[in-house]
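Have the sequence and the 3D view open side by side as you read.

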Amino acid sequence: MAGTFELRVVTPRGVVLERRVREVTAPSAVGQIGVLPLHTTYLGVLEVGCLEFVEEAGRGRVAIRGGFAEVRDDTMTVLTEAAERPEDVDLDAAEAEFREATRQLESLSLLDQTYPEMERTRLWARARLLAAGKAV
């Protein structure tokens, strides 16, 4: 299909998503990055968030738990600790995790050793909710 490139999202458990897409927007360590067909070679760090893509059938999303993105030879490969497609998100569990992490963060100092991991938990829950189309 002209004007597309291959997107692969891979976790230690296997391939979560593999399809031809027209565009990808991903949460990187320096802000959102956009990838289009014939993109220059790229290697970057991804943050926890919602990766969005445009394909022939419309728009799609997948929650990613940080990782790395490589764009090369019209293929974008995302290596991430975890990823969830919208149909795989347990909304009740994600909402409960988001509420609990938000509640705990309100009582923690930024200097608390557990703060970064709790923030990462909150962001992961938020990314899953966004991937499932739930406003946060």
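Strands here are DSSP runs of E that are at least two residues long, numbered from the N terminus, and helices are DSSP runs of H or I with at least four residues. That is the sense in which Asp73 lies in the loop between strand 6 (58-72) and strand 7 (75-79). Also keep in mind that you're looking at a predicted model.

1. Let's stay with Asp73 for a moment. Its phi is near 55 degrees, a positive value in a residue other than glycine.

2. Leu38 is another one to click on. Its phi is positive too, about 65 degrees, and it is not a glycine. You'll find Leu38 in the loop between strand 4 (31-35) and strand 5 (42-55). Is Leu38 buried or exposed? At a relative accessible area of 74%, Leu38 is exposed, because the cut-off for that label is over 50%.

3. Now go to the start of the chain. Thr4 sits in the segment before strand 1 (5-11). With 4% relative accessibility, Thr4 counts as buried, since anything under 20% does. Which residues does Thr4 touch, leaving aside those up to four places away in sequence? They are Arg20, Val21, Arg22, Pro37 and Asp74.

4. Strand 1 comes next, and it is mostly covered, with 5 of its 7 residues buried. Strand 1 pairs with strand 2 (residues 14-21) in the antiparallel sense, over 7 bridges. The two form a hairpin, with 2 residues between them.

5. On to helix 1 (residues 91-107). Its 17 residues should span 24 Å at 1.5 Å a residue, and its end C-alpha atoms are 25 Å apart, which agrees. At the start of helix 1, a side-chain oxygen of Asp90 comes to within 3.2 Å of the backbone nitrogen of Asp92.

6. Where do the buried residues of helix 1 sit around its axis? The residues in question are Ala94, Phe98, Ala101 and Leu105. They cover an arc of only 75 degrees, which puts them on the same side of helix 1. Those buried residues pack against helix 2 (115-131). Turn the view around and the face away from the buried side carries the exposed residues Asp92, Arg99, Glu106 and Ser107.

7. Last stop, helix 2. This helix has 17 residues and reaches 24 Å from its first C-alpha to its last, close to the 24 Å expected at 1.5 Å a residue.

How values were computed. Residues numbered from 1 in each chain as written. Predicted model: local features only at pLDDT ≥ 70, side-chain atom pairs only at ≥ 80, totals over all residues. Heavy atoms only, no water. Expected span 1.5 Å × (residues − 1). Buried < 20%, exposed > 50% of the residue type's maximum accessible area, 1.4 Å probe, protein only. Arc of directions from axis to C-beta. Contact = heavy atoms within 4.5 Å. Polar contact = N/O pair within 3.5 Å; in protein donor to acceptor, adjacent residues only side chain to side chain. Pairing = 2+ DSSP bridges.
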